[in-house]
Amino acid sequence: MSEQQKSQRVINIQPLFASEPKVYPRWIGGIFQRWRWVFAWLTQIVFYGLCWLPWNGRQAVLFDLDARRFYVFDFVLWPQDTIYLAVLLVLSALALFLFTTVAGRVWCGYTCPQTVYTEIFLWIEKTIEGDRAKRMKLDAAPWTPRKLGLKTAKHAVWLLVALWTGFTFVGYFTPVRELADVALKVSLSGWETFWVLFYGAATYGNAGFMREQMCKYICPYAQFQFVMFDPDTLIVAYDEERGEPRGGRAKKDDARGKGLGDCIDCSMCVQVCPTGIDIRKGLQLECIGCAACIDACDQVMDKMNYPRGLIRYSTENAVKQHSSRAQILRRTIRPRVLVYSAVFLAALGATVWSLATRVPLKVDIQRDRAALASEAADGSIENAFRLQLINASEQPRVYAVSVDGLEGIHLAEPLRVSVPPASTAAATAQVRVEAGAAAGGSHAIRFTVADTADPAVTVSEEAKFWMP
């Protein structure tokens, strides 16, 4: 290739991220919008209120990292209980697969924190700056005292919500009432200040500025959702057969006579979409299943005296085959849904059973390795063991220790260990066996630790007794 040809060669590089116009969602009412606000209220009441709920003299949910204890209502979880965290992650993944296969991105549309906080921030924006047309006009206008005042007020309210969200988040790791006291005294620790500001900044940035960009480019769920979809998954669908060809017309016009479908091409479905897509182009990665376009389209259909449902919750197969609602529900019971349901319910049932039968006592036993065995004053063989007891309940407990496994084995002295609520205690057990009662070497024995007030709380642990 000559130098001239090299200089004329053009290399086309596709950008990884394309700058797009700002989305100005139009505010819309309707049944699905009301349901979105119901879930927004429920999720935020739980998030903002749960850390303030008193429970057994503390807050109901507290992840005390300093003490290495998690309090979840009546449960006290210790580092040894991390298996439950793994199970929770597995259950969340299974639930995601199941709900997505059945109902698409219903999580994204109604309960995802990104969607909920974006909706809250949009409501604040609409309240202060006005609806879609006013916001677009305000952004395009030159800076004036009025514009500066509106923008300042909006961002001030956004920042208050974001900081309160960050404060609440930290309140699940530091007792929230103590956190409130030190916050009022402006004496937060460095780490508490960092996490309040960090989580607040994330809320402010994601809900105030990133918005649809989070759903379209950053959220991993959006990128692999189609793997879990099939033609019988419930999605927001546009009935192309009924709506096309689209076109404007007067309410009194004979649309069929003009060769038009029911879509009047008003673009309301696009204007209300929080991600700015046109649902009439079919299923798209950016659709979060929020149904704002359904509410908008149904209202337009009502004004035109057309049947509702031009845009509706349906499935690809149902739209093509004109299936009834009953037929759509029947298709919900299909092999992959049954498999996901069976695995999810089995894992959930096992977890519930494990928590319900969980003994609030943990025992760790270690033999003193400094001296394998020693001879007691009475001539018997003695081994020393160190016991670590964890009281995983919120009541003080007294535990009795016993030992068996070899003929004549016994404790040098009766051993009872008192453990405060949600605390640990250590004790040393001197275990004796008559000389010659067993051959030399290591022998399996068993310690039994039982609650003196509740025999059901009993734990047995194996150990090794050394005979010289």
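Residues are numbered from 1 along each chain as its sequence is written, and side-chain values use heavy atoms, with hydrogens and water left out. Because the model is predicted, local features need pLDDT of at least 70 and side-chain atom pairs count only at pLDDT 80 or more, while totals for chains, interfaces and linings use all residues.

**Stop 1: the cores**

Select V236, I279, C293 and I311. These residues have the most contacts inside the largest nonpolar core, which has 33 residues. A nonpolar core here is a set of buried Ala, Val, Leu, Ile, Met, Phe, Trp, Tyr and Cys residues joined through side-chain atoms within 4.5 Å. Buried means under 20% relative accessible area, exposed over 50%, and partly exposed in between, with a 1.4 Å probe and protein chains only.

Now colour the elements that supply at least two residues each to this core: α4 (106–110), α11 (220–228), β6 (235–238), α13 (268–271) and α14 (292–304). Helices (H or I, at least four residues) and strands (E, at least two) are DSSP runs, numbered from the N terminus. The most comes from α14, with eight residues.

Centre the view on I279. Leaving aside residues up to four places away in sequence, I279 touches V236, Y238, C269, Q284, C287, C293 and I311; contact means heavy atoms within 4.5 Å. Apart from this core lies another, of 29 residues, with V363, F385, L389 and V459 among them.

**Stop 2: T115 and helix α5**

Select T115, which is in helix α5 (residues 113–129). Is T115 buried or exposed? T115 has a relative accessible area of 7% and is buried.

**Stop 3: α5 against α7**

Show α5 and α7 together. Their axes come within 9 Å and cross at roughly 150 degrees. Axes are lines fitted to C-alpha atoms, for helices over the stretch in contact, and angles run from 0 to 180 degrees between N-to-C directions. The angle makes α5 roughly antiparallel to α7; angles under 35 degrees count as roughly parallel, over 145 as roughly antiparallel, 65 to 115 as roughly perpendicular and the rest as oblique.

The crossing of the two helices α5 and α7 is right-handed. A crossing is right-handed if the near helix is turned clockwise from the far one by less than a right angle, and left-handed if anticlockwise. On the α5 side, the contact is made by Y117, F121, I124, E125, I128 and E129, and on the α7 side by L150, K151, A153, K154, V157, W158, V161 and T165.

**Stop 4: α7 against α9**

Residues to show include W158, L159, L163 and F167 in α7, and W195, V196, Y199 and Y204 in α9.

**Stop 5: backbone details**

Go to R211, in the loop between α9 and α10 (212–218). R211 is not a glycine, yet has a positive phi of about 45 degrees. R211 counts as buried, at 7% relative accessibility.

Next, select N56 in the loop between β1 (54–55) and β2 (58–59). Phi of N56 is also positive, near 55 degrees. N56 is partly exposed, with a relative accessible area of 48%.

Finally, find P245 in the loop between α12 (240–243) and α13. The peptide bond from E244 to P245 is cis, with omega near -10 degrees.

**Stop 6: strands**

Select the open sheet of three strands, in the order β3-β4-β5 with antiparallel pairing. Two strands pair if DSSP finds at least two bridges between them. At the edges stand β3 (61–64) and β5 (75–77), each with a single partner strand, so one side of each has no neighbour in the sheet. The twist averages 10 degrees from one strand to the next. Three bridges join β4 (residues 69–72) to β5, and the partner of V72 in β5 is F75.

End at β8 (residues 361–367), where five of the seven residues are buried. Seven antiparallel bridges join β8 to β10 (residues 381–391), with Q366 opposite R386 in β10.
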